[in-house]
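Please walk me through this structure, one part after another.

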Amino acid sequence: MKPRDQYLKVEGVSKIFSPRLNLGEKIARTLTRSAAPLGLQAVSDVSLRLPRGQTLGLVGESGCGKSTLGRLLAGIHEPSSGEVRLDGLPVMEHGKKTTTAVQTVFQDPFASLDPRMKVGDAVAEGPVLHGLVAPARAQSYVEGWFRRVGLDPSLSHRYPHQFSGGQRQRIAIARALAMQPKLLICDEPVASLDVSIQAQVINLFLELRRELELTCVFISHDLSVVRHVSDRVAVMYLGRIVELGETAQVFDRPAHPYTAALLDSVPRIAAEGEALVEFKPIEGEIPSPLNPPPGCHFAPRCPRATARCTAEAPPLAPVAPAREAACHFAPDQLREAATRHVA
Amino acid sequence: MTDISPPQRATSPVTLFWREFRRNRPATVALAVTLLLFLVAIFAPLIAPQNPYDLAGLSLMDARRPPGFVGSGGYTHLLGTDPQGRDLLSAILFGLRISIEIGVMAGAIALAIGATLGVVAAYAGGWIESLIMRIVDLQLSFPAILLALVMSALLGQGKAQLVTALVAAQYAYFARTAYGAATSERRKDYIEAALATPLHARRVVFKHLLPNCAPPLIVVATVQIASSISLEATLSFLGLGLPVTEPSLGMLISNGFPYMMSGRYWISVYPGVMLIILIMAINIVGDQIRDQLNPRLRR
Amino acid sequence: MTPVLEVSGLRTEFRTGAGTVPAVDGVSFSLMPGEIIGLVGESGSGKSVTGFSLLGLIDAPGQIVGGSVRLNGTELVGMAPQELRKRRGKEIAMIFQDPIATLNPLLTIGQQMEMALAAHERLGRRAAAEKSAEALARVGIPSPRERLSSYPHEFSGGMRQRAAIAIALLHRPAVVVADEPTTALDVSIQAQIIAEMKALARDYGVAMIWISHDLAVVSALASRILVMYAGRIVEEGPSARVLRDPRHPYTRGLIDSLPSATRPGEMLAQIPGSMPSLLSLPPGCAFAPRCAFASSACAARPDATAAGDRAWRCVHPLGQDRTDQKERAAS
């Protein structure tokens with residue numbers, strides 16, 4: 001692969017959250033010689049590449065580890081193993097974030113802004129401290145960013161509680177972009193917004209992404225939003241990437257039964273000529289990430305599952321040009337999806 | 001999203017807070033009393049009819065006179081005189097000055113030390129957290145007065161020694177409160193956002209974490225200033241606090257105590273009344289602040 | 001068929017320090033037995049307050065100030081609280097977005113269902129357990145008999161919502177008001193619950209009001225749709241037709257702003273501005289300030305225009321020319 005295609009390079013990244021034990025629990029564990037693994041494997045052995053200027057959509061249901069993966073890419077969490085590199089340089093070293101080139105927009109704009117800091121100061125803080133702008137010029141720099149995200153610059157002297165949800169998310173975007181990032185991680189940036197406000201924020205995102213030539217990772221549980229904004233998409237289930245590929249291909253011809261089932265469970269508005277849209281729900285519940293099923297994690301809910309699936313976890317492997325899936329039956333699934341797509 | 005159109009100028013949280021505070025009449029009165037007493041304490045040398053430290057101005061002939069007595073200095077002792085012949089009103093004003101000075105100083109130092117320890121413990125986690133919080137918990141498990149007594153007995157008399165004793169007895173309350181507030185704030189997205197920028201840990205702790213722990217700390221601070229004033233009064237009453245040359249309210253009460261039974265009530269009672277008014281006013285203000293800052297009591 | 005629920009001119013207000021908020025402002029609709037209608041709108045549209053008003057669950061400073069809610073011919077507005085309580089749960093029930101708010105964490109699911117049964121029915125313990133297990137099985141909870149002795153925290157989010165639905169349906173109420181019941185759930189669980197709710201409505205003849213911000217969910221479930229904006233219903237009709245060919249510019253705007261309506265990567269159609277404060281609504285059509293078609297005629301409050309099974313509140317309705325042309329072409 002050309003290095004251009006490896007602008008963001010994620011190599012075998014895992015994250016295990018171990019509970020903090022107090023002294024008593026530690027003694028108890030030592031005394032009982034308890035060897036049971038402690039902790040939750042939120043992300044297990046994820047590898048992916050993202051070319052410069054592209055947007056990767058990260059989808060999955062709760063507990064799938066998409067937010068944790070986003071935080072690993074953003075340098076908020078340190079991987080338990082593996083490494084995240086941006087443009088050849090590690091994002092984190094010795095547990096500390098070493099770059100300002102990755103910035104994050106969080107889901108809840110009510111929680112992600114410091115309630116006791118004027119929004120203008122919040123936007124200026126990072127750039128000033130990192131020397132991206134001289135303190136004397138900070139005010140006009142902030143006002144410039146306010147204009148770019150569609151806010152009146154005179155509002156920069158207000159506190160977060162004086163803004164609506166949509167306005168706050170614009171501020172959060174301004175704060176991230178004022179750091180002049182190369183890679184922007186958006187963690188469910190529109191999930192808490194109303195439909196009409198959601199469209200405004202998505203448009204702003206599309207516009208700024210083009211203007212600033214950003215590489216992005218867009219995390220969302222909403223498949224239609226991900227389909228709209230991303231070039232490539234990674235589908236996650238219980239900590240693993242089960243399918244990875246170009247957005248249109250993945251959505252039109254899913255190679256993993258979970259992707260197919262997930263797409264079938266999304267309600268959509270009936271097209272011309274259709275009556276009500278019927279959809280097929282996936283059987284069963286999402287298993288607890290604390291105690292995932294053996295082999296392929298999706299096997300207990302999968303219509304294709306065989307004994308092989310519970311015995312042996314399928315690796316994420318190429319199934320078609322520029323497409324990877326973690327399923328023993330990906331070729332079958334792909335063939336069937338193709339016929340269905342044509343029909 | 002209901003768009004509540006923001007008012008024309010930036011209303012800071014402080015402005016909003018004050019608007020709500022004013023609606024509680026008793027608390028507003030208590031605040032006025034507190035401020036008045038603080039002002040009186042600050043300007044005591046200008047207001048007091050006599051300088052109680054000026055030994056030359058004192059006459060033992062005037063000692064233990066009842067309120068309204070016209071002394072040898074030629075002026076009326078409105079609240080009477082004490083066993084050294086000092087004008088009691090002047091002594092109370094200077095005593096108030098010393099009590100408030102000690103209380104505020106001890107409160108402020110305890111706040112600075114305690115809040116820093118608590119916030120750092122919550123942020124750092126691990127063995128730092130365990131070490132700090134175990135010491136704090138240990139200290140909170142026996143009464144502050146006991147610790148203050150032992151400390152002042154060890155350190156001896158004097159303003160600095162007394163403040164040290166009070167700080168040692170009280171910083172733990174601030175540390176506990178700051179730790180509790182900071183552990184819940186620590187998990188919020190804005191801290192994560194600040195760390196993801198990345199900002200230096202020191203800046204995140206002191207610029208983002210600490211200010212957001214301020215509400216409960218302010219509440220504890222008001223209560224603790226009142227309690228260090230009364231703690232100081234207790235120590236002085238027991239003769240452990242300040243030297244006799246710097247009589248605080250507690251010592252004035254103590255001085256008058258032997259004469260209570262002989263009908264010379266005023267020497268003890270008037271300083272006591274002043275002490276009660278001061279502590280009550282501060283506590284009412286603290287209560288109102290707590291009510292306003294407690295999210296569970298809102299809505 | 002006579003409607004099981006008839007709402008007319010319902011008005012609910014909240015008196016706040018800053019003024020009176022008309023959260024529900026003259027809402028009228030009727031519901032047939034077994035029918036599912038979708039009530040959609042954004043936050044602040046009054047859709048949830050409408051749902052709560054139907055059950056008389058409005059607390060001070062809120063108050064139902066006018067209109068009528070007739071359940072099987074009985075007027076609920078102004079009914080004595082104890083009378084209303086007798087009907088609540090038995091004839092009309094509610095499902096909330098957060099099942100944690102409805103389930104008592106200290107009691108087992110079985111105990112809670114027993115209590116819900118005892119509120120309106122005299123049953124022996126065994127009969128109650130039997131009936132509860134049956135109800136849990138009906139909403140797709142596996143091994144329901146064992147699950148009766150579980151506590152709510154032992155259930156997943158989806159299972160909790162199922163249990164809450166089972167409790168709401170215990171007495172086979174005539175009407176169920178569901179307030180965003182699947183919003184907090186994952187899509188695969190949402191799909192399961194929607195499928196089950198459809199089956200329940202069909203099999204039991206329960207009429208349902210499904211309150212949601214999600215047009216697609218409503219279109220998958222409801223035969224009729226009511227679109228609310230700033231406390232008023234601005235458009236109603238059969239869901240497939242309303243969503244394909246809306247009359248009100250707000251409905252159009254909502255549909256167009258969904259990402260699926262546009263080609264990937266292109267700008268979405270967006271409604272400018274945001275929902276006005278209910279404290280200072282424009283005098284006429286509340287949507288006019290954000291509307292591309294607004295004119296001076298919008299300064300007066302538009303009345304409802306009805307045409308067949310559809311109705312809208314707009315002086316500049318969309319799409320009619322096209323229908324006219326089609327009709328002309330057909331003739």
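Two residues are in contact if their C-beta atoms, placed from the backbone, lie within 7 Å. Helices (H or I, at least four residues) and strands (E, at least two) are DSSP runs, numbered from the N terminus. This is a predicted model, in which local features need pLDDT of at least 70, side-chain atom pairs count only at pLDDT 80 or more, and totals for chains, interfaces and linings use all residues. Residues are numbered from 1 along each chain as its sequence is written, and chains are lettered from A and ligands numbered from 1 in the order in which they are written.

In chain B, the axes of helix 4 (residues 88-124) and helix 10 (residues 214-237) come within 8 Å and cross at roughly 135°. Axes here are lines fitted to C-alpha atoms, for helices over the stretch in contact, with angles from 0 to 180 degrees between N-to-C directions. Helix 4 of chain B and helix 10 of chain B are therefore oblique to each other (under 35 degrees is roughly parallel, over 145 roughly antiparallel, 65 to 115 roughly perpendicular, the rest oblique). Residues of helix 4 of chain B, including B:Gly103 and B:Ala110, meet residues of helix 10 of chain B, among them B:Ile225 and B:Glu232.

Chain A is assigned domain 1 (3-249) and domain 2 (250-343), with bounds from an automatic or database domain assignment. Their centres, taken over C-alpha atoms, are separated by 27 Å. Between them, 22 residues of domain 1 of chain A touch 25 residues of domain 2 of chain A. Strand 12 of chain A gives the most to the domain 1 side, seven residues.

Chain A also meets chain C, through 36 residues of chain A and 34 residues of chain C. On the chain C side, helix 8 of chain C has the largest share, six residues.
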